[in-house]
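Subject: Structure for your review

Dear colleague,

Please find below the structure that I am handing over to you. My notes on it follow directly after.

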Amino acid sequence: MSPVNTCTLSLQLTISVVFKPMLRFLLFNALGFASDPLDRSGGSSGRASPVSLPDDDSVEDHPLSIDLGSLAISTTELYKESLYAKIGVDVSRKLRSQFVEDRLNLDYEPQMDNHLYQPTPLENMSLTTVVYKGHQSVVFGVAERPDLLIKYEVQCTDFDIEVHPILRDGWYMKEASEGGLAPKVLFISPPSFLCEEKKGKCEYFRMSRASFSRCKTDNGIVRYLIMKRVDGITLEALRTYPRYGRRNGAMHLYNAAQLTRELVRYLQVLHKEMKIVHGDIHTSNVMFAQSPSSTRLYLVDFGRAFRLRTDLPEIPKVQRMEWNQIMNTQWQIDGYEWAARDDLNKAIQLFAHLMNSREYHTLERQIEQQGIPAIRVWKERSDWFITDDYDPVEALGASVSLSAKKEIKQAFRRILRTVRNLPINGPLPYASIIEDLTICCYLSNNITTTLAPTIA
Ligand SMILES: Nc1ncnc2c1ncn2[C@@H]1O[C@H](COP(=O)(O)OP(=O)(O)OP(=O)(O)O)[C@@H](O)[C@H]1O
Ligand SMILES: [Mg+2]
């Protein structure tokens with residue numbers, strides 16, 4: 001063990017045994033936290049609180065290597081100083097602040113070996129329903145708090161170039177929630193290691209046993225976040241929802257255009273006011289919620305989000321082969337820095353997905369298998385909306401006039417031209433896209449039983 005590590009270990013023990021309770025007491029009282037700062041429902045008093053330090057410059061003064069109370073995790077997560085050069089100023093600053101919070105929340109580490117139980121600063125939680133099982137993530141419902149969800153995720157690789165995805169998710173979702181665009185985030189946990197075997201909560205990760213073992217060997221790190229549960233469904237589920245969608249997933253053009261128009265409005269606020277790029281817009285990361293008084297969207301999954309920049313290089317970086325997938329934009333495939341324009345381009349890709357049947361994904365996979373030249377033609381020149389298999393405009397039937405259909409197709413062409421010629425730094429044409437989507441709504445509005453309500 002190196003001298004630095006020995007020192008860290010003894011410091012850790014001192015903090016854990018002697019200083020941790022005192023530090024926590026002082027912090028809670030000095031900063032005057034409510035028991036649950038983001039929960040407007042009142043919550044019970046007397047519970048411990050998630051620690052959230054003010055976002056001021058004082059956190060810059062903390063050294064890079066702050067003890068987390070777990071030696072091995074400290075070395076994995078903290079001693080890669082090269083990480084800070086890769087992640088940019090905003091994320092570096094948030095990370096330093098997070099390390100301070102982590103140190104104060106050691107009692108709430110992810111309990112991975114236990115299926116159902118998780119101590120958290122809000123309360124001890126019993127996890128009942130599994131809402132979603134991802135490759136490296138799992139989202140649970142909470143028995144004591146049906147209004148909350150808890151999302152666990154493991155980072156297996158890239159520790160020297162990327163922060164844990166739950167951190168981006170929690171930080172930027174919290175900011176976006178302050179602008180009313182996303183669910184509230186109540187807590188981001190400190191890190192822990194994976195389970196010894198693929199049991200307990202680890203059983204729910206969809207990764208294979210081989211991937212799990214590799215991740216375990218590479219000291220994969222788990223964190224969780226607690227967020228408000230959206231009382232709604234994803235746009236992916238809405239496609240087949242009886243009232244608004246169709247069994248094959250091809251939503252009526254009117255509903256697809258309404259939802260996409262609202263999404264573009266959300267992106268306009270996210271980019272221009274919150275200065276955040278979501279980074280992963282697709283039908284499973286946008287939720288639709290309806291109550292008697294309102295109908296609205298929520299953006300979820302900010303695991304690839306980042307602070308918007310207006311000084312990005314106008315030439316591509318080195319191409320990263322992993323972004324040569326059909327879900328990526330033409331600029332991501334070409335190796336440009338990710339930017340707000342990618343969100344807007346993907347929003348229109350989502351529009352095409354919503355109005356087409358799920359067979360469309362088979363078509364996309366076939367194009368992907370043909371390789372980069374075919375993907376580029378698809379991204380830059382092909383008709384995303386009307387394919388040989390399905391024509392959502394003709395599907396409107398005889399109650400929409402031929403001239404209206406022609407105008408819708410013209411609006412489609414304008415939208416595609418617009419989102420294929422977006423600047424990397426310049427202002428984005430949200431208004432003209434919204435206008436063309438409004439034309440699509442107006443001209444395709446021949447539905448009665450499947451009518452989506454106007455979104456405020
Ligand atoms: N706040 C929320 N309220 C309700 N449902 C949610 C919420 N957050 C996530 N979900 C559900 O859980 C699913 C997975 O969440 P999320 O996209 O954050 O996980 P992920 O592991 O990052 O997903 P991916 O597979 O895209 O990487 C969502 O598609 C949605 O169905
Ligand atoms: Mg997702």
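Predicted model: local features only at pLDDT ≥ 70, side-chain atom pairs only at ≥ 80, totals over all residues.

The shell around ligand 1 comprises 17 residues, of which Tyr132, Gly134, Ser137, Val230 and Asp301 come nearest. Strand S2 (124-133), strand S3 (137-142) and strand S4 (148-155) each contribute at least two residues to it.

Helices H7 and H9

Helix H7 (residues 253-272) packs with helix H9 (residues 340-355) at an angle of about 165°, and their axes are 9 Å apart. H7 is therefore roughly antiparallel to H9. The crossing of this pair is right-handed. On the H7 side the contact is formed by Leu253, Ala256, Leu259, Thr260, Leu263, Val264, Leu267 and His271. These meet Ala340, Asp343, Leu344, Ala347, Leu350, Phe351, Leu354 and Met355 in H9. The contact of H7 with H9 holds 13 nonpolar residues, two polar and one charged.

Helices H7 and H13

H7 also packs with H13, at an angle of about 160° and with the axes 8 Å apart. This angle makes H7 roughly antiparallel to H13. Here the crossing is left-handed. H7 supplies Leu253, Tyr254, Ala257, Gln258, Thr260, Arg261, Val264, Arg265 and Gln268 to the contact, while H13 supplies Tyr430, Ile433, Ile434, Leu437, Thr438, Cys440, Cys441 and Ser444. Ten of the residues in the contact of H7 with H13 are nonpolar, five are polar and two are charged.

Helices H12 and H13

H12 passes H13 in a left-handed crossing. From H12, the residues in contact are Ala404, Glu407, Ile408, Ala411, Arg414, Ile415 and Thr418. Their counterparts in H13 are Ser432, Ile433, Asp436, Ile439, Cys440, Leu443 and Ser444. The contact of H12 with H13 divides into eight nonpolar residues, three polar and three charged.

With kind regards

Notes: Residues numbered from 1 in each chain as written. Chains lettered and ligands numbered in written order. Left-handed = near helix turned anticlockwise from the far one by under 90°. Helix = DSSP H or I, 4+ residues; strand = E, 2+ residues; numbered from the N terminus. Contact = placed C-beta atoms within 7 Å. Nonpolar A, V, L, I, M, F, W, Y, C, P; charged D, E, K, R; others polar. Near = placed C-beta within 6 Å. Axes fitted to C-alpha atoms, helices over the stretch in contact; angles between N-to-C directions. Parallel < 35°, antiparallel > 145°, perpendicular 65-115°, else oblique.
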